[in-house]
Amino acid sequence: MSFPQRKAAIVGVYNTKQARMLEGTPWTLALEAIQGALDDAGLKHSDIDGLSSMMYDASLTAQQMWVEQLGGRPMTYTSHGIAGALVTKAAAAIAAGLTNVVCIYFGNAGMRAGPSKQRAAQEQVPVVRKAPRVPDWDFNIHGAYMSAWYALWTRRYMDQFNAPYENLAEYPVIARYHATLNPASIMGERGEITVQDVIDSPMISSPLHRLDCSLDNDGGYAILVASAEVAKNCRKDPVWVLGGGEGIYTDFYMSFTNDWINDNGQSVRKASEIAFGNSGISRDEIDVTGMYDCFPITMARNIEEMGFCKLGEGHEFIKEGHLKLGGKLPTNTDGGMLSHSHCGNPSGMQVVEVVKQLRGECDARQVKDAKIGAVLSQGYAVHGVAGVAILGKD
Amino acid sequence: MTQPYLKPLPQRLPENEEFWAGLEAGEFRVPKCNNCGYWHWIPYPACRNCLSTDQAWTPTSGKGTVFSYTVVHRGPGGFRDDVPYVLAMVEFPEGPRNPIVLGTMVDVDPDAVHTGMPVKVVYEEIPGEGVTIWHFAPDS
């Protein structure tokens, strides 16, 4: 089954400033991002007739309120999910004539995903002096949180494949190097780091140190996917959606499949196989990628499940430097979630960066002659949700 | 005076009553499908294997092995002052789709925890809260 070719393209992208504690609300940051993406494309808000929210409260009602915000006239398409999949589904919907211009949007202000969020809640506990009640299988009962979850996954991987921690700790070093070339990144101005710096940073949840962990900041972004008809009149060259896929599985960090890492693969494998299949693009043809990289283990598993290396070899692939600019699979050239931004639901920013790479807008971090890119968004129960989009320029 | 327990606790929903009552009785019960025999964690209203709703809360052996573990050095919320503490995922022997259950480990030297370590469920009644929660401890 082949994906409809040259029917839909990404025509506008925009990241707001990414920083800790930005002014505004999730709504105003998303709005700023949408306006930025419209300017990038040379489109007006009234051109948008499809919405894909990446906001956490993306209920149907919330989408309806955004329809009102963006012009107060009926739109013809809504969707939810994560960025790579939303780009793919928007392109498919455009090819099917359901919509012409789909806006994928996200904004976050004042929200924290990490332990600081729960600490803020804790500060209210002494007033109440009562244990908070949560759903019966909630991981908070056991003192788990995101970094601890990924620590559990990292440990399992290290034990199963005899993978040295030091190999995984090469990833934050690569991400920081990329960030030093990206003036918009949060951590770039702090300069490059070494594996020893990662090891010497405070232990958060063994074996993960602080420099293995994502940032936790505010920010917004927007992506516009449009029909070929619309794209030809846009300001910039179209970045075509050549194919893609989605995978969804497992609940919110409450249960695990057995076996966790297996030969059949889970959501990321499924989405990748569909995407490479329907795009007709081979893994060798990919010039640049953006992949969800909340912790080094995530990257190691990404490249295995996407088929860029074998199961259990992701840590060696990282160690060998292939993900770095100049390597055979330059990835997250903006600095990723460890050094550019993790604004709460950051996977759209991998799309933004790959689009900028394909347009040749990346200055010091530009991948020379990049023509075909791949995006992997994923999240929730460690590869529970996955979205892959294969993008290309003429 | 004892400090009140301020960490998150389960709501103890009516549909899970047999589970929480099981902990009070010193049993870790999970849904077992009467149709296909699969044991499940976390509980769902129907069997993941055959979709039968004929499941029964059935006591497990209460023993398992460490599937993975981490020593938490920065704890969230009420766990802030408990660091370092050990968080483990424990694989139960009840197959074929062996439950893997998350919990903290008690009565253990964090440096001694390792993947494959035999452990057992232990129970902690929370005073004044009407609920018993579970942890894991070495099974020697």
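In what order do the 9 strands of the open sheet in chain A stand? Hold on to that for a moment while I say what we have on the screen. This is a predicted model, in which local features need pLDDT of at least 70 and side-chain atom pairs count only at pLDDT 80 or more, while totals for chains, interfaces and linings use all residues. Residues are numbered from 1 along each chain as its sequence is written, and chains are lettered from A and ligands numbered from 1 in the order in which they are written.

Now, the sheet. The order is 3-2-4-8-1-9-12-11-10 in chain A, and the pairing is mixed. Two strands pair here if DSSP finds at least two bridges between them. From one strand to the next the twist averages 25°. For angles, axes are lines fitted to C-alpha atoms, for helices over the stretch in contact, and the values run from 0 to 180 degrees between N-to-C directions.

Let me show you two of the pairings. Strand 4 (residues 101-108) and strand 8 (residues 219-227) of chain A are antiparallel, with 8 bridges, and there Gly107(A) stands opposite Gly220(A). Helix 2 (residues 60-69) of chain A packs on the sheet, where it touches strand 2 (50-53) and strand 3 of chain A, and its direction makes about 130° with that of strand 2.

The other pairing takes us to strand 10 of chain A, which runs parallel to strand 11 of chain A and is joined to it by 4 bridges. Gly290(A) stands opposite Val375(A) of strand 11. Are the two faces of strand 10 covered or uncovered? Both are covered: Val288(A) and Gly290(A) on one side, and Thr289(A) and Met291(A) on the other, are all buried. By buried I mean that 20 or more other C-beta atoms lie within 10 Å of the residue's own; exposed is 12 or fewer, partly exposed is in between, and C-beta atoms are placed from the backbone.

My next stop is helix 10 (residues 267-279) of chain A. Its 13 residues reach 18 Å from first C-alpha to last, close to the 18 Å expected at 1.5 Å a residue; the expected span is 1.5 Å times one less than the number of residues. How many of those 13 residues are buried? The count is 10, so to speak a mostly covered helix. Among them are Val268(A), Arg269(A), Lys270(A) and Phe276(A). The buried residues pack against strand 9 (239-248), helix 11 (296-305), strand 11 (372-379) and strand 12 (385-392) of chain A.

Buried residues make up 59% of chain A.

Chain B has 1 helix and 8 strands, in the pattern β-α-β-β-β-β-β-β-β along the sequence. The C-alpha trace of chain B spans about 45 × 35 × 25 Å along its principal axes, and 41% of its 140 residues are buried.

Finally, where do the chains meet? On the B side 41 residues are in contact with 36 residues of chain A, contact being C-beta atoms, placed from the backbone, within 7 Å. Strand 4 of chain B gives the most to that side, with 6 residues. By class the side has 21 nonpolar, 12 polar and 8 charged residues; Ala, Val, Leu, Ile, Met, Phe, Trp, Tyr, Cys and Pro count as nonpolar, Asp, Glu, Lys and Arg as charged, and the others, Gly among them, as polar. Strand 5 (residues 133-134) of chain A also pairs with strand 1 of chain B, parallel and over 2 bridges, with Val134(A) opposite Pro10(B). Thanks, everyone!

How values were computed: Contact = placed C-beta atoms within 7 Å.
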